[in-house]
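Please keep the sequence and the model in view while reading.

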Protein chains: 2
Amino acid sequence: MNFKLRKARQTDMESVLLLIKELATFEKEPNAVQITAENLVEDGFGNKQAFQVIVAESDDEIIGMTLFYSRYSTWKGKSIHLEDLIVQQKHRGKGIGSALYSEVLKYAHKNNYKRVAWEVLDWNKVAIDFYRSTGAKVFDNWKIAQIDEQALKRYVDNI
Amino acid sequence: MNFKLRKARQTDMESVLLLIKELATFEKEPNAVQITAENLVEDGFGNKQAFQVIVAESDDEIIGMTLFYSRYSTWKGKSIHLEDLIVQQKHRGKGIGSALYSEVLKYAHKNNYKRVAWEVLDWNKVAIDFYRSTGAKVFDNWKIAQIDEQALKRYVDNI
């Protein structure tokens, strides 16, 4: 299959949002996406750039994307967080996902980041096996904790 | 106990590093800390600030700290990652940890962040119970994946 990877442009954000919504449905959270294409443009292309996006394009259509940004490990130093890596359902199994993954890893290595991290659902065995095959570790003993906007407001209002 | 919270200064980074090393020992990874105080000064106080630190101070001694930075959720938007929250062993149980935690949550709420996230070891039941009591969720179905500097180099060298 013919596809190319390139840095995303502002005008890609509508297509990127469609991919985000497709993944949320795959992850059984179809209503969790509160973000808009305008948010993505503002946060990704403004003067305080919160993330970078690389897209996979075929016949002028965006068929995959990866979104990532810097984090900081107090053990290792600057790291990259791979927040999303999404390929359209109908284009899976064609090497697009692993090409996007490699692109982020190449970026991290080239720019001297000490680690790349991401999160994966425990039932997504295909993904976990792929990550392990590339030299990544998938940890069993760390859990993710989050406080969302509503709970945050409740907590802050009560202290 | 008398303590105050304040933004960290460059000159606090030696003390902050000691706390990071104390936590690494508690987490059974005493040799995992590769970072230096110079790295922390450069990365936290340079022109591209990778994180913020709030310290707890008592009698001119740094007895606790929290380090955090911005992330981005493609579902919710801008979020805060609470990377570390550490209180000196001998000063635990005096409300310093929850004061630091509240400070980060207040910062996130005030600055309109949509979420605060962090990671916790599954055997650290005291911490998990505390987080849940504040309205946070601790997820069982997400795993953390990481590729470290050496594996990253190996992978990139082979593609």
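Predicted model: local features only at pLDDT ≥ 70, side-chain atom pairs only at ≥ 80, totals over all residues.

**Strands shared between the chains**

**How the two chains are related**

- A rotation of 180 degrees, with 0.0 Å of shift along its axis, superposes chain A on chain B with an RMSD of 0.0 Å. The two copies are thus related as by a two-fold rotation axis.
- Contact between the chains involves 60 residues of chain A and 60 residues of chain B. On the side of chain A that touches chain B there are, by class, 31 nonpolar, 12 polar and 17 charged residues.
- Because 100% of the interface residues of chain A are also interface residues in chain B, the copies meet through the same surface.

**Chain A as a whole**

- Chain A holds five helices and seven strands, and from the N terminus on its elements follow the order β-α-α-β-β-β-α-β-α-β-β-α.
- For 159 residues, a compact globule would have a radius of gyration near 15 Å, and the 17 Å of chain A agrees with this. The C-alpha trace of chain A spans about 55 × 35 × 35 Å along its principal axes.
- Of the 159 residues in chain A, 35% count as buried. Among the contacts in chain A with a separation of 6 or more, 55% come from residues 24 or more positions apart.

**The sheet with S1 of chain A**

- Seven strands make up an open sheet with mixed pairing, in the order S1(A)-S2(A)-S3(A)-S4(A)-S5(A)-S7(B)-S6(A). At its edges are strand S1 (4-7) and strand S6 (137-139) of chain A, each of which pairs on one side only. From one strand to the next, the twist averages 30 degrees.
- Strand S3 (residues 61-73) and strand S4 (residues 77-87) of chain A run antiparallel and are joined by 10 bridges. A:Ser70 has A:Ile80 in S4(A) as its bridge partner.
- Helix H1 of chain A, residues 13-26, packs on the sheet and touches strand S2 (52-58), S3 and S4 of chain A, with its direction making about 85 degrees with that of S4(A).

**The sheet with S1 of chain B**

- Here too an open sheet of seven strands has mixed pairing, and its order is S1(B)-S2(B)-S3(B)-S4(B)-S5(B)-S7(A)-S6(B). Strand S1 (4-7) and strand S6 (137-139) of chain B are the edge strands, and each pairs on one side only. The twist in this sheet averages 30 degrees from one strand to the next.
- S1(B) and strand S2 (residues 52-58) of chain B run antiparallel, with four bridges joining them. B:Lys7 has B:Ile54 in S2(B) as its bridge partner, while B:Leu5 stands opposite B:Ala56 in S2(B).
- S2(B) and S3(B) pair in the antiparallel sense over seven bridges, and in this pairing B:Ser58 stands opposite B:Glu61 in S3(B). The hairpin of S2(B) and S3(B) has two residues between the strands, and B:Asp59 takes a positive phi near 50 degrees there.

**Helices lying across strands of both chains**

- Helix H5 (residues 149-157) of chain A lies across strand S7 (142-148) of chain A together with strand S5 (115-121) of chain B, and runs at about 70 degrees to S7(A).
- Helix H3 (residues 96-110) of chain B lies across S7 of chain A together with S1, S2, strand S3 (61-73), strand S4 (77-87) and S5 of chain B, and runs at about 165 degrees to S4(B).

- Although A:Lys28 is not a glycine, it has a positive phi of about 65 degrees. A:Lys28 is found in the loop between H1 and helix H2 (37-45) of chain A, and it counts as exposed because 10 other C-beta atoms lie within 10 Å, where the cut-off for exposed is 12 or fewer.
- In chain B, phi of B:Lys28 is near 65 degrees, which is a positive value in a residue other than glycine. B:Lys28 has its place in the loop between helix H1 (13-26) and helix H2 (37-45) of chain B, and it is exposed, with 9 other C-beta atoms within 10 Å.

Definitions and conventions
Residues numbered from 1 in each chain as written. Chains lettered and ligands numbered in written order. Least-squares fit on C-alpha atoms with pLDDT ≥ 70 in both. Contact = placed C-beta atoms within 7 Å. Pairing = 2+ DSSP bridges. Axes fitted to C-alpha atoms, helices over the stretch in contact; angles between N-to-C directions. Nonpolar A, V, L, I, M, F, W, Y, C, P; charged D, E, K, R; others polar. Rg over C-alpha atoms; globule rule 2.2 N^0.38 Å. Buried ≥ 20, exposed ≤ 12 C-beta atoms within 10 Å, placed from the backbone.
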